[in-house]
Amino acid sequence: MKIIKNSFLRSVVDNMLYDDQSPPNIAGRINNHESKLPNISKDSIYRYIASPYGRRIEYYLSTRVKRRYRRPKSKKLEDRTFIDKRPKSIDLRHKIGHVEGDFIVSGKSGKGILLVV
């Protein structure tokens, strides 16, 4: 195997696996960014892990605790007024400030837009 024959490649792959990177991620990183190392595939990394040379890594990967993200429970808003309990004069919208709108925030960019009805 190419990984076993090249000691520098083997140490790079080992370090990346211990940093909890996936074999497809490692193969892509080595092939695209590491010009001093030979190209390898994700399948060769999986074969290396399953070989006698990768037993320590295989044991490490099987014993590590996978952490899952848990969404925090939402808190109830105190002193809120439901829309059906608001005064009827607000529906007429005669005064400034009696408008209804929604603010929509985009996902990753955090940009928002205000929709006024």
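Biologist: What makes Asp20 and Arg64 a salt bridge?

Modeller: Their closest N and O atoms are 3.6 Å apart. A salt bridge is a side-chain nitrogen of Lys or Arg within 4 Å of a carboxyl oxygen of Asp or Glu, so the label applies. Before we go on, please note that this is a predicted model: local features need pLDDT of at least 70, side-chain atom pairs count only at pLDDT 80 or more, and totals for chains, interfaces and linings use all residues. Residues are numbered from 1 along each chain as its sequence is written, and side-chain values use heavy atoms, with hydrogens and water left out.

Biologist: Where do Asp20 and Arg64 lie in the chain?

Modeller: Asp20 is in the loop between H2 and H3, and Arg64 is in the loop between H5 and helix H6 (89–92). The two are 44 residues apart, so this pair links distant parts of the chain. Helices here are DSSP runs (H or I, at least four residues), numbered from the N terminus.

Biologist: Why is Asp20 called partly exposed?

Modeller: Its relative accessible area is 44%. Buried means under 20%, exposed over 50%, and partly exposed in between (1.4 Å probe, protein chains only), so Asp20 falls in the middle class. Arg64, at 30%, is partly exposed too.

Biologist: How many salt bridges does the whole structure have?

Modeller: The search finds three. Another one joins the side chains of Asp43 and Lys42, at 3.3 Å from N to O. Glu58 and Arg55 also form one, with their closest N and O atoms 2.8 Å apart. Glu58 and Arg55 are three residues apart in helix H5, which means that about one helical turn separates them. Glu58 has a relative accessible area of 31% and Arg55 has 44%, so Glu58 is partly exposed and Arg55 is as well.

Biologist: Why does Asp14 have no salt bridge?

Modeller: The nearest side chain of opposite charge, Arg10, is 4.2 Å away. The rule asks for a distance within 4 Å, so Asp14 goes without a salt bridge, although it is buried. For charge, Lys and Arg count as positive and Asp and Glu as negative, while His and the chain ends are not counted.

Biologist: What joins the side chains of Asp14 and Tyr48?

Modeller: A polar contact of 2.7 Å. The definition asks for a pair of N or O atoms within 3.5 Å; within protein, one must be able to donate a hydrogen and the other to accept it, and residues adjacent in sequence count only if both atoms are side-chain atoms. Asp14 lies in helix H2.

Biologist: How do you know that the buried residues of H4 are on the same side?

Modeller: In helix H4 (residues 42–50), the buried residues are Ser44, Ile45, Tyr48 and Ile49. They cover an arc of only 145° around the axis, which puts them on the same side of H4. The arc is that of the directions from the helix axis to the C-beta atoms.

Biologist: What makes Tyr18 and Tyr60 an edge-to-face pair?

Modeller: Their centres are 5.0 Å apart, with 65° between the planes. Tyr18 lies in helix H2 and Tyr60 in helix H5, so the pair ties together parts 42 residues apart in sequence.

Key: Phe/Tyr/Trp six-rings, centres within 6.5 Å; stacked < 30°, edge-to-face > 60°.
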